Amino acid sequence: MLDYCVIIPAHNEAQYLPLLLDSLTQQALLPKQSVIVNDHSTDETEAIIDRYSKKFPWITKVNSQTEASRLPGSKVVAAFDKGLKEIDQPYDFIVKLDADLILPVNYFQEVAKIFHQCPKAGMVGGFAYEKDGAEWKLNHPMGKDHIRGAFKAYRRTCFEKMGGLRCSIGWDTIDELLARYHGFDVVTVPTLKVKHLRPTGSAYSQKAKYLQGQAMYKMRYGLGIAFLSMAKVSWRQKKPGYLLDSMIGYVSSYFNGIQRAVSAEEGKFIRSYRWKNIFQKISGK
């Protein structure tokens, strides 16, 4: 069976972290090492990490203080990168987890099987479920070929060819595009149901909408793809203001000289891949 290591960025996660760690320590296939990055928590997060690390030697802690000014996405990647530097065990795949999850007991056993059976699998993940009353319901607003940033598992060779994670907003879309750029597949497993304890906000602030546009600019989508992508979200959410605000974010990124997150060559592949998907959906293939 393949070996894996886990990195968990955590900021003030005392309410949820024990539930995640209970599910992690009960896995049918345990990790070789799990690094929890205590990112300047002011609650009991560090004490919880210390308690679990005493009981489970493969759980380690690193304290960090990520700059508060970092944009969404870049902050969590910066914390992840600090945890990555602490990994000293061999692994076949590396995992990034949020601290507010409950994993099914066979989660990583099944992920490892897929990596073993599918040499082209570069990323593998399940689907997020959030509580709605007494029921856990699927919450997956993006395409079924997308893995939520809360639980990402990367084959080591894929992760290294990608150059790790990009410290940018939109990192959890960039990684999948770069995996495909390097010839790997993104594999989702509907039977792996991950409980997400902190519901994803359904409403975006105006600033968040600007940042969505900026993310597409940084990924070199091009104006046409960006417009169509934002229009689809605006239509689905029945919020016409989303399209305007996100387009302002995209265009202002150009005039403000925002640094791109991918190279020109990577951007060319991304646009080709996105246009191909758009035409396939239009043609119904």
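**Figure 1. Ala 112 sits in helix α4.** Ala 112 is found in helix α4, which spans residues 107–117. The model shown here and in the other views is predicted. The relative accessibility of Ala 112 is 0%, so Ala 112 counts as buried. Leaving aside neighbours within four places in sequence, Ala 112 is in contact with Met 1, Leu 2, Leu 29 and Phe 93.

**Figure 2. Strand β8 is covered on both faces.** β8 covers residues 151–155, and five of its five residues are buried. Phe 151, Ala 153 and Arg 155 lie on one side. Lys 152 and Tyr 154 lie on the other. Two partner strands are in view. β4 pairs with β8 in the antiparallel sense over five bridges. In that pairing, Phe 93 stands opposite Arg 155 of β8. β6 also pairs with β8 in the antiparallel sense, over two bridges. Here Val 124 stands opposite Ala 153 of β8.

**Figure 3. Strands β6 and β7 form a hairpin.** β6 takes in residues 121–132 and β7 residues 135–138. The two strands run antiparallel and are joined by four bridges. Tyr 129 stands opposite Leu 138 in β7. Two residues lie between the strands of the hairpin. Gly 133 takes a positive phi near 70° in this hairpin.

**Figure 4. The largest nonpolar core has 82 residues.** Ile 8, Phe 93, Ile 94, Leu 97, Phe 108 and Phe 151 touch the most other members. Domain 1 (4–196) and domain 2 (206–283) each give at least three residues to this core. Not counting residues up to four places away in sequence, Phe 151 touches Lys 96, Leu 97, Leu 101, Tyr 107, Gly 126, Phe 127, Ala 128 and Val 194.

**Figure 5. Asp 100 is buried in a loop.** The loop runs between β4 (93–97) and β5 (101–102). The relative accessible area of Asp 100 is 2%, under the 20% limit, so Asp 100 counts as buried. The side chains of Asp 100 and His 196 are joined by a polar contact of 3.1 Å. Beyond four places in sequence, Asp 100 touches Glu 13, Tyr 16, Lys 195, His 196, Leu 197 and Arg 198.

Figure 6. A search of the whole structure finds 13 aromatic pairs.

**Figure 7. Domain 1 meets domain 2.** The domain assignment gives domain 1 as residues 4–196 and domain 2 as residues 206–283. Their C-alpha centres lie 26 Å apart. The contact takes 14 residues from domain 1 and 15 residues from domain 2.

**Figure 8. Asn 12 and Arg 220 have positive phi angles.** Most residues other than glycine have a negative phi. Asn 12 is not a glycine, yet its phi is positive, at about 50°. Asn 12 is found in the loop between β1 (4–10) and α1 (17–25). With 29% relative accessibility, Asn 12 counts as partly exposed. Arg 220 is not a glycine either, and has a positive phi of about 60°. Arg 220 is found in the loop between α7 (206–218) and α8 (223–237). The relative accessible area of Arg 220 is 21%, so Arg 220 is partly exposed.

How values were computed:
Residues are numbered from 1 along each chain as its sequence is written. This is a predicted model: local features need pLDDT of at least 70, side-chain atom pairs count only at pLDDT 80 or more; totals for chains, interfaces and linings use all residues. Side-chain values use heavy atoms; hydrogens and water are left out. Two strands pair if DSSP finds at least two bridges between them. A nonpolar core is a set of buried Ala, Val, Leu, Ile, Met, Phe, Trp, Tyr and Cys residues joined through side-chain atoms within 4.5 Å. Buried means under 20% relative accessible area, exposed over 50%, partly exposed in between (1.4 Å probe, protein chains only). Domain bounds come from an automatic or database domain assignment. Contact means heavy atoms within 4.5 Å. A polar contact is a pair of N or O atoms within 3.5 Å; within protein, one must be able to donate a hydrogen and the other to accept it, and residues adjacent in sequence count only if both atoms are side-chain atoms. Rings of Phe, Tyr and Trp (its six-membered ring) pair if their centres lie within 6.5 Å; planes under 30 degrees apart count as stacked, over 60 as edge-to-face and the rest as tilted.
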